[in-house]
Amino acid sequence: MALINTYDGRLLLSETTVGAGAQVLLLAFLGTAIGLGPAGWLTGLAFGLATWAVLNRALLRTRTRSFGPANRVTLGRAILVGAVTALVADSFQSSPPVSLFVGLTAVALILDGVDGKVARRTGTSTALGARFDMEVDAFLILVLSVYVSMSLGPWVMLIGLMRYVFVAAAKVMPWLNGSLPHSMARKTVAAVQGVFLLVAASGLLPYEAGFGLVALALGSLLWSFGRDIAWLFRNREGRAELTATATVTETVAVAVEAPVERRAAELVRS
């Protein structure tokens, strides 16, 4: 029985280590191809190290048995996001080739629709995988908003920061952590953020058109967040009641189980 219950996470850690190695190789390619500067190298390596450390900790904490094909796709997206992050960091000194920047970002955005389908088709959907996917998405939007803000103004940063502000607010107002009903509008708004930012970053549009496109993205995001916050606020009392009920139920269960456990221990000792 002890052997059956033994958990060995070395195989999972080897997969994340391969991912970290792939991140270094991609950065080395960028360094050779375009002469990636110190800021790009340091930022890219920091992203790769942080991804490796946080993902390893999450895998070991959840005692995940298999990394799974969907997580491999998401890890591949994270490697691309690390490269995009390095290019954006380097762009403060010299602008990266637009074609390379757009190409890496476009692949990362396209793969966003792949990992979820792979998870569903292979029956490997997990809470960890969904969170990993969401964090990679959020960070890519943040990085793109930083890049676009250099040409359109700091207000663009609101797009990338909004999700992190929401998470921080939820620490103070726990009712913001409530579950939201399914909404295609929410998914659509989230999906177009990256596309609109990438189009604006590509320089294909005149300044006015790019400004209007990003403003539309920000307006739709404000509407989506505002609608969800309003729904959570209206339903906060019901969530509080459910939490209180769950707490009472757990307390009763512990109170009932404790004497049984003590009696079992007495029988074993006797």
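Tutor: Start with a term. Buried means under 20% relative accessible area, exposed means over 50%, and partly exposed is in between. Keep in mind that this is a predicted model.

Student: OK. Which one is Trp-155, then: buried, exposed or partly exposed?

Tutor: Partly exposed. Its relative accessible area is 24%, and that falls between the two cut-offs.

Student: And which ring does Trp-155 pair with in helix 9?

Tutor: Phe-211. The two ring centres are 4.9 Å apart and the planes make 55 degrees, so the pair is tilted. Trp-155 is in the loop between helix 6 and helix 7, and Phe-211 is 56 residues away in the chain. Phe-211 is partly exposed too, at 33%.

Student: What else joins that cluster?

Tutor: Tyr-207. Ring pairs link Trp-155, Tyr-207 and Phe-211.

Student: How many aromatic pairs are there?

Tutor: The count is 6. One of them is Trp-175 with Phe-233, with centres 5.5 Å apart. Their planes are at 70 degrees, so this pair is edge-to-face.

Student: What sits over the ring of Phe-233?

Tutor: The charged end of Arg-236, 3.7 Å from the ring centre. Phe-233 itself is partly exposed, at 40%.

Student: New topic. How much space is in the second largest pocket?

Tutor: About 630 Å³. Its lining has 20 residues, and Val-54, Leu-55, Arg-131, Phe-132 and Glu-135 lie nearest the centre.

Student: Which helix gives the most to that lining?

Tutor: Helix 3, with 9 residues.

Student: What classes of residue are in the lining?

Tutor: There are 13 nonpolar, 5 charged and 2 polar residues.

Notes: Residues are numbered from 1 along each chain as its sequence is written. This is a predicted model: local features need pLDDT of at least 70, side-chain atom pairs count only at pLDDT 80 or more; totals for chains, interfaces and linings use all residues. Side-chain values use heavy atoms; hydrogens and water are left out. On a 1 Å grid over the protein atoms alone, a cavity is a set of points where a 1.4 Å probe fits but cannot get out, and a pocket is an open set with protein on both sides within 12 Å along at least five of seven lines; lining residues have an atom within 4 Å of a point. Grid points are joined across faces, edges and corners, and a volume is the space filled by probe spheres set on the points. Helices (H or I, at least four residues) and strands (E, at least two) are DSSP runs, numbered from the N terminus. Ala, Val, Leu, Ile, Met, Phe, Trp, Tyr, Cys and Pro count as nonpolar, Asp, Glu, Lys and Arg as charged, and the others, Gly among them, as polar. Rings of Phe, Tyr and Trp (its six-membered ring) pair if their centres lie within 6.5 Å; planes under 30 degrees apart count as stacked, over 60 as edge-to-face and the rest as tilted. Buried means under 20% relative accessible area, exposed over 50%, partly exposed in between (1.4 Å probe, protein chains only). A charge sits over a ring if NZ of Lys or CZ of Arg is within 6 Å of the ring centre and within 35 degrees of the ring normal.
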